[in-house]
Amino acid sequence: MKGVILAGGSGTRLHPLTRITNKHLLPIYDRPMIAYAIDALTSAGLEEIMLVTGGTHAGEFFRLLGNGHEHGVERLLYAYQEQAGGIAEALGLAERFVNGDKVVVMLADNIFEHSLADVLANFAGQEQGARVVLARVEEDEHLRHLGVAEMDGEKVARIVEKPEAPPSRFAVTGVYCYDATVWDVLPTLQPSGRGELEITDVNNWYAGDGRLEADVVGGFWGDAGESIDAYYAVNDFVRAHGVNRA
């Protein structure tokens, strides 16, 4: 099983902070944001990771992370996304690196209180299909800005983006697990209204095929790139409690 961390995007929701750097290099408490994503995957048992980024500050990741050994990565590779083409397009850059293995994809601005080890163990035992990580969100107003799972028992029937009437309390976080079928799905995608290849379309393909499983994480989950307020809320939580804890 391999890991892919996606650290691209223009970070417009964190302007003006991101006018001078990639948002994933901004500090969260005492470390750059990207360090928490790497720690989330390595502490859950992954040793081989590809970092996909883009923009004018891509070289800063190499200066920070190098070969990855100091950050617990046995093998760290890099890929460059030429333009903002969406999460699914960024994932496509990792096909040769993954080389038919199972893959765990993480958006680098997602911060979890608890370890992802159980999620990865469940995915390792899953014969086929995909797996998403859900977090319970009580506020309808927050759910209206997220992807929300419509459940069919323990399976996800579909994911609805930014629903006016949320079909559940379960938001889709930025961790996605796929079998090798994903490389057949990606070329079939059509750009969305914003001109990007959407990861939700990948997840809904698996859901429509009846092969999308889910784990619900407990504790804190935050998207530090969602807004300035969310960024500082994540900072406050990490400083007070720590994250990626078993």
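Begin with the second largest pocket, which holds about 230 Å³ of space. The model is a predicted one. Select His142, Phe220, Trp221, Gly222 and Asp223: of the 15 lining residues, these lie nearest the centre of this pocket. Now colour strand 8, strand 13 and helix 9 (228-241). Each supplies at least two residues of the lining of the second largest pocket. By class, that lining has eight nonpolar, four polar and three charged residues.

Move on to the largest pocket. Its volume is about 1100 Å³. Its lining has 41 residues. Select Arg13, Lys23, Ile87, Leu107 and Arg194 to find those nearest its centre. Which elements give two or more residues to this lining? They are helix 3, strand 10, strand 11, helix 8 and strand 13 (221-223). Strand 11 gives the most, with four residues. Sorted by class, the lining of the largest pocket has 14 nonpolar, 17 polar and 10 charged residues.

Next, select helix 8, residues 199-208. Show the side chains of its buried residues: Ile199, Thr200, Val202, Asn203, Tyr206 and Ala207. Why are they on the same side of helix 8? They cover an arc of only 160° around the axis, so they share one side. In an α-helix there are 3.6 residues a turn, so residues three or four places apart point the same way.

Finish at glycine 210, which follows helix 8. Its phi is positive, near 75°.

Terms used: Residues numbered from 1 in each chain as written. Predicted model: local features only at pLDDT ≥ 70, side-chain atom pairs only at ≥ 80, totals over all residues. Heavy atoms only, no water. Buried < 20%, exposed > 50% of the residue type's maximum accessible area, 1.4 Å probe, protein only. Arc of directions from axis to C-beta. 1 Å grid on protein atoms, 1.4 Å probe; cavity = no way out; pocket = protein on both sides within 12 Å on 5 of 7 lines; lining within 4 Å. Points joined across faces, edges and corners; volume = space filled by probe spheres on them. Nonpolar A, V, L, I, M, F, W, Y, C, P; charged D, E, K, R; others polar.
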